[in-house]
4 protein chains.
Amino acid sequence: MSTSKKAAVLGASGYTGVEVIRLIQNHPKIEVAALTGHSRAGERAGDVFANISHLNLPDLQDWNDVDWSNIDVAFACLPHGASQETIAQILPKVETVIDLSADFRLRDPELYAATYGRPHNFTSLLDEAVYGLSEWAIEDLKGAELVACPGCFPTCSLLPLLPLLEKDLIDAKSLPISAITGVTGAGRKATLGLSFTELAEGAQAYGVGAHRHAPEIDQIIKRISGQDSCVTMTPHLVPLNRGMITTTVVTLRAGKTVADLRNAMLARYTNSSFISVLDEGEVPQTRHVRGSNRCHMNVFDNRTPNTAIVVAVIDNLTKGSSGQALQNYNLSQGWDETLGLTGLALFP
Amino acid sequence: MSTSKKAAVLGASGYTGVEVIRLIQNHPKIEVAALTGHSRAGERAGDVFANISHLNLPDLQDWNDVDWSNIDVAFACLPHGASQETIAQILPKVETVIDLSADFRLRDPELYAATYGRPHNFTSLLDEAVYGLSEWAIEDLKGAELVACPGCFPTCSLLPLLPLLEKDLIDAKSLPISAITGVTGAGRKATLGLSFTELAEGAQAYGVGAHRHAPEIDQIIKRISGQDSCVTMTPHLVPLNRGMITTTVVTLRAGKTVADLRNAMLARYTNSSFISVLDEGEVPQTRHVRGSNRCHMNVFDNRTPNTAIVVAVIDNLTKGSSGQALQNYNLSQGWDETLGLTGLALFP
Amino acid sequence: MSTSKKAAVLGASGYTGVEVIRLIQNHPKIEVAALTGHSRAGERAGDVFANISHLNLPDLQDWNDVDWSNIDVAFACLPHGASQETIAQILPKVETVIDLSADFRLRDPELYAATYGRPHNFTSLLDEAVYGLSEWAIEDLKGAELVACPGCFPTCSLLPLLPLLEKDLIDAKSLPISAITGVTGAGRKATLGLSFTELAEGAQAYGVGAHRHAPEIDQIIKRISGQDSCVTMTPHLVPLNRGMITTTVVTLRAGKTVADLRNAMLARYTNSSFISVLDEGEVPQTRHVRGSNRCHMNVFDNRTPNTAIVVAVIDNLTKGSSGQALQNYNLSQGWDETLGLTGLALFP
Amino acid sequence: MSTSKKAAVLGASGYTGVEVIRLIQNHPKIEVAALTGHSRAGERAGDVFANISHLNLPDLQDWNDVDWSNIDVAFACLPHGASQETIAQILPKVETVIDLSADFRLRDPELYAATYGRPHNFTSLLDEAVYGLSEWAIEDLKGAELVACPGCFPTCSLLPLLPLLEKDLIDAKSLPISAITGVTGAGRKATLGLSFTELAEGAQAYGVGAHRHAPEIDQIIKRISGQDSCVTMTPHLVPLNRGMITTTVVTLRAGKTVADLRNAMLARYTNSSFISVLDEGEVPQTRHVRGSNRCHMNVFDNRTPNTAIVVAVIDNLTKGSSGQALQNYNLSQGWDETLGLTGLALFP
C-alpha cells in the first residue's frame, strides 16, 4: 500500500509549478495527484511542458474541479492575490498548503496592501502562516499547515546576512543590497519586455528603489535581530534563465572583523544540508547551484574602511522558490529535509 | 592630397584594437596606416579578425618594425606594463599617443605600483598624460600629446556621479558601487575561466573588495570635488559580450533631493554629444548603447532614507574604451568630438 | 538647400523598421521624414526604441496621417497582407516604395495565395515589382519604383547557390538546405514562444517541410538557371539575436569539382561590395557579419561522393532585410550601392 | 553491508567526467570510489568543479595511483588515444570499463587510423568492445566488460534513422544530416576558439564535409540495415551549453509514406524508457531534454517529392555521452536501465 502523500500543484502551467513537479519526481514520499492551471485547464501536462511529456501525470484542470478529499498537500504556485483566494478555500480540505506566492509573507496586512497594491482579504490566516525561510524556521515548520515561502531575493539576501545580524556583527541600518537575477523569476508570460530579443545581449536594473521584496527583508531582520532596517534592494535582470546573486556591502560593528563574520556564517550553517560557506576568497557563481536547492555564500574584505562584502548565490527557481517549498514541506512532515532535493547542480 | 591622420593601432589582435579599427573606418579624417600585434606579427588583419577581412588593411607587424615617420597617432591597446614601455619609445616619434591601458591613469607612481603590482618606469610621463574622461577634460585634451583613457568601470561610475559630487549634493564617503560587465572587458585570451561553457548561463562577482579601478575612481573624485573617497566597487560578470552597468547608492547631503541630483545631471550634460539623462523613471539598459559611444544614466528615489540610486550604462568596449579613445583624439585635434562615433547602438 | 531624399519608414516599431532607421542615420543622401506604427501612433520614436532616443526624429503616426507630398521613398516594414494594402495607396504618391514584406516577392498570385493563406489583392502591381536580390538585379533596380526585397532565407540561400546554378555546375533537383537563424527574424511580438526563457539554452527546428520561403527560392532558381527545383528548407531557431546560416549539400554535375564551384563563386562576386568568398577551408561565422550588410560564403569538399557543401552567412536583419532594402534603394537611384552600408560588423 | 559497485571516473576534470559523477549521485547501486585527472591530480573534486564541492568525494589522483582492487567499474572520460592506453592496462583489473572516448567505436583499425590520425594500438580489444548505442545493443550489453559508447552525433543521428533503415523504408545512399550542437561537446579547454566572446551571439558550421563521426554512423547503418552509406554530417556550433539536434532529409523507398516512417519509429521505441516519438507535427526542442537521458524525435512531410525530414534532439552530455554510458553500465549489470537516470530535463 502506497503511503505517499498526494500533492496538488496549483498553477502548474508556470515555471515554479513545473519546477515543483520536476522535484517531486525524485521525491520518495510524494506523488502528483492533481495539476491545476487557470487558462490551460483540460490540457495534458506534456502539452504545457514538453520536458514532462513522457510522465504519467494528470491533465490540468480548474482548481474547483479537483477532488480535494484525495489531496494531502497543495503547492500553490499562483500569482499573489489569486493565491490567497484559493488557499482560503482549500486550506480546510487538505492537511498542508505550501504557498509560493507573496500573499502570506508579510504579517502586517497594511504593509501587504501598501506593497502589493491590494488589500489582504484573509488576515486571520496571516497569523497561522509560517514564514518558511527553511534554515531559520525549522521548529516552526514542524506540523505547519500553511507555509509562506519567502521571495527569491529575501532568501538570497537573508541567508548570508542573518547570521551576522543575529550576532550583531553588522549594522542593520546600512544594507545596500545589489542583486542579479535570471529571467525565470519574471514568470511565464507573453509580454514584449520578456521576449528573447529584448533581453539577450544586455542587462538592466529594474524595480529600482522600491522593490516589493524589500519590506519582506526588513520584517525578517527585525524578527531575527530585533533591529529596524530599511534595506536598499536593487535587482538587475541579465540574460540567463536561472540564477541569483546578492551582493551586500555591510558595515562592521566596532571591533568586528571579516573573520568574525565568516566564523558566524560557518557556525550557523555548519550542519546545513544546503548551504556552503565557500573557502576563503572563493567567489560564489550561480552556475554552480543551477537546478539545485543549494546556496553558496562568502564574505570578503573590502577596501572601504569598516565594511565587508557579502555575496550569496542561489537558483531563483529552486532554493529561491520551488525547492525551498519542498524543503519546507519535508520539514513540516518531520522528514529529512533533503528528500527530493539531492540532485546536483547541472553544471555545465 | 589626403590630409588624413595616419594611425597605428598597437595591439590590433585584441578586442579594443579591433574596436578602434572598426570606428576609424567611419572616421573621415583618420586612416589606419599600421597594425601591430605581439604574437601575431606577419598575419593579415583579416586572419586575426574575420569581420574586417574585406578591408584593405596593413598586415600585423612587430611594433619595432613600424615606420614611425609615417604615423601621426598611435592608439595603444596593450596590456599595462607593456604599454608604458612601448609608449616611452614611440612618443617622441609621433604627434599623439592615445593609451587605452592603465599605465598613465594613476598620477601617483606608488599607487600605481601598489595597484598593478609592478613599479612605474616612466614617471616623468605621468605628469604629461591627460586623463581622458572626455566630458570632464575637454580643455585639457586640446593639443594633448599623451592621453590616458579611463578604465571602463571608472568611466561608467564617474560620468553619473561627478555632477553630483561637483555640486556637493552627495557624500563622497559612502559610495557602494555595484557593477555588471560583459565578457569582452576581460580581453581576448585562451583561458579556461573565459570559455563559453564556464560563463554561459551563470553570473558571478569578481575582484571583490579590491578591484583595480577603485583607486582610479577615488583619484578623479578628489580632483573634481576635492573630497576624499574610498569607493566600494564590486563588478559582476554576466553572459553577454558588451555592456556595463554601474548602480550606486548615494547618500544625499542634508536638504538635497533626488530632483536636485537629476537637475545637476541634466545641467552638466545638456550639451553633451554622447550622454543621455533618461526620462524620469526610465531605467538604462546596456543593449540600447551596444556598439555606440553613448552613456545613458538616471537617478531614482530609494526607500532607504536620505539616499538615492544612480544607474548608468555604457558599452564597455566603446565608451568604456575604444570609443572614448577616439573621442579623446578628436578633442585633442580640435575636431568635432563625434567624428567616427555617430553610429547608432546596434539594437536589437 | 538639402537635396536629401525624404524617407518614410512604415512599421517603425518593428525590428526591420528600426534597422532601416539605424542605417539611414549613416546615409549621406536620405533623411527620415516620417515614421508610422500601427499600434504606437503618437509615441516618440525614442519611447519605442531607446537606442534612438537621442535623435531628432518625427513621432510615430498613423500612415494615413502622413503628408505624402513630403515623402520621396517609403520603406515598408509591415506584415504581409497589410503591406500590399498600404503600398497600393501610397505608391502613386511617392517616387519609390521599397517593400520588405513578402507581398511582392512571388510573381504568381496563386502561389502567393497558397503560400500565405490569403489572396493577393493587387496583382497588377506584381508585374511592376522588381525582386531585389541586389547582386542579381542591378540593372532591373535602376529606376525601379516598387522593389520587393527578398526573404532572409532566400537571400542567404540564393547568393551562394545562384552562381553554381547559373553555370549548371550543380543539380537543381536536389537542394536540401538547412538553415539557422537568430530570433529577430520572428519580429517584435509579445508571444510566449518568443520569450527569453522559452528560447535561451536550447535550439529547435521550425516550419519543417513547408517553410514559406521555399517557393520563393524555387522561383528565383527557375528565373536564373531555367531549372525547376523544389528545395528543402529547414530553418532552426537558436539563441542569438542576429545571424543566419544556410548549409546546402549540392550534387555536382558530372565532371565538375569543388574547385569549379569555388571559381564560379569567385568569378561572380569578384567586384561585389558586400560578398566575400572566404579563403579555402575557412568557415563562415554569423558573428563576423553581425550588423553589416555583408555575406560570407564558401564551398567545401564532402565525403559523400559527387557532392559538395555550400555554406553562407548573413545578418538576417541587415543583408537579410533592412540593409538589402537600403542597397536596393541606392541601386534604384543610381547611387553607389554602399551608401549608408559601410559600417563594419560589430565583432566582438 | 553496502553492495554498491565501486566506480572510478577517469578524466574527472572534464565535462563528461563531472556529468558521470552527477548522475552516479542519484544511482542507488554505484558509488564513486576514485577520480583521476591528468593535470589536476592532488586537487579536491570541489576545486575542480564547484558544483560538487559539498560532496564527500575522493581527491583527484593519477590513474597509476588508483587502488584498482577496490574498483568494479571504470568510466573512461579521456581523450581518444589516451583512452585506449589506459584501458588496456586497467581492463584486466576491473570487471567493467565503459569508454566514452572514440577509441573502441570503429571496428576497423585502418578506418580508426584514417579517421583519428593515429594507429590503433590495441586492436585485439576492438573485437571485445560492445558498441553501446543502448537501445540497439541491449542483448550485447549483458555482461559486457568493455563498452564503447557512441559519439554524440551518431547517437542523435542513428536513433531516429535506424528504425527506418532496418525496415528499408528509406535510402541509405542519401543521408544529408545537418546537426546543431552546444559548446560542451568540445570539452573543457583553454582555447581562444572556445572563449565566450568568440562563441556568443553567433553560429558557425565546423568539420564541414569530413566530421569524424560520419564513418561511425556508416558502420552502424551497415550493421543494422546491411546497406552501404556515406552520410553527410555537417555540425553547427551555436551559443548554448548543452543540446544537440540532427535534421536529416531522407528519401523514401517507392511506395512508402511519412506515416510508414512514423509507425516504424513508434513500433521500435514503444517500450523505450528514454525515447519519445512526439505527437504528429510537434517539433523536438533541445531544451526539453536538457540534463536528461532522453531523446525526442519526429518525422515530417517535406515539400520535396519522395522525401521526409527526420528530426531528433538529445542532450549531448547526457544521452550523447555520460548518460548513455551509465545506461550501458546498467544494462551490462542486468539492472533496470533507468537507474540513476530518472532526473527530469531541467526546463526552464
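A residue counts as partly exposed when its relative accessible area falls between the limits for buried, under 20%, and exposed, over 50%. In this predicted model, Glu85(A) has a relative accessibility of 33% and therefore belongs to the partly exposed class, as does Arg118(A) at 22%. These two residues form a salt bridge in which the closest N and O atoms are 4.0 Å apart. Because Glu85(A) sits in helix H3 (residues 82-90) of chain A while Arg118(A) sits in the loop between helix H4 (109-116) and helix H5 (123-128) of chain A, the pair ties together parts that are 33 residues apart in sequence.

A second salt bridge in chain A joins Arg105(A) to Glu216(A), with 3.8 Å between the closest N and O atoms. Arg105(A) comes from the loop between strand E5 (96-99) and H4 of chain A, and Glu216(A) from helix H9 (residues 213-225) of chain A, so this bridge connects parts that are 111 residues apart in sequence. Arg105(A) is buried, at 7% relative accessibility, and Glu216(A) is buried too, at 0%.

In chain B, Asp315(B) and Arg242(B) form a salt bridge whose closest N and O atoms are 3.0 Å apart. The pair links distant parts of the chain, with Asp315(B) in the loop between strand E14 (307-314) and helix H11 (318-332) and Arg242(B) in the loop between E10 and E11, 73 residues apart; both residues are buried. In chain A, Arg242(A) and Asp315(A) belong with Glu19(A) and Arg22(A) to a network of salt bridges. Over all chains, the count of salt bridges comes to 66.

The text now turns to the contact between chains. Chain B and chain A bury about 3900 Å² between them, 56% of it on carbon and sulfur atoms, and Glu201(B), Arg287(B) and Arg303(B) supply 19% of the area that chain B buries there, more than any other three residues. On each side the contact involves 45 residues. Between the two chains there are 31 residue pairs in polar contact and 2 salt bridges; Asp218(A) and Arg303(B) meet through their side chains in a salt bridge of 2.8 Å, N to O. Among the elements of chain B that give two or more residues to this side are strand E8 (176-181), helix H9 (213-225) and strand E11 (244-251). By class, the side of chain B that touches chain A has 23 nonpolar, 14 polar and 8 charged residues.

Chain C superposes on chain B by a rotation of 180° with 0.0 Å of shift along its axis, at an RMSD of 0.0 Å, and the two copies are thus related as by a two-fold rotation axis. Since 97% of the interface residues of chain C are also interface residues in chain B, the copies meet through the same surface.

Two sites in chain D complete the tour. Asp99(D), in strand E5 (residues 96-99), is buried, with a relative accessible area of 0%, and its side chain makes a polar contact of 2.7 Å with the side chain of Ser83(D). Beyond its neighbours within four places in sequence, Asp99(D) is in contact with residues including Ile87(D), Phe104(D) and Cys149(D). Arg40(D), by contrast, is partly exposed at 21% and lies in the loop between strand E2 (30-36) and helix H2 (45-48) of chain D.

Terms used: Residues numbered from 1 in each chain as written. Chains lettered and ligands numbered in written order. Predicted model: local features only at pLDDT ≥ 70, side-chain atom pairs only at ≥ 80, totals over all residues. Heavy atoms only, no water. Contact = heavy atoms within 4.5 Å. Buried area = accessible area lost by both parts, 1.4 Å probe. Polar contact = N/O pair within 3.5 Å; in protein donor to acceptor, adjacent residues only side chain to side chain. Helix = DSSP H or I, 4+ residues; strand = E, 2+ residues; numbered from the N terminus. Nonpolar A, V, L, I, M, F, W, Y, C, P; charged D, E, K, R; others polar. Buried < 20%, exposed > 50% of the residue type's maximum accessible area, 1.4 Å probe, protein only. Least-squares fit on C-alpha atoms with pLDDT ≥ 70 in both.
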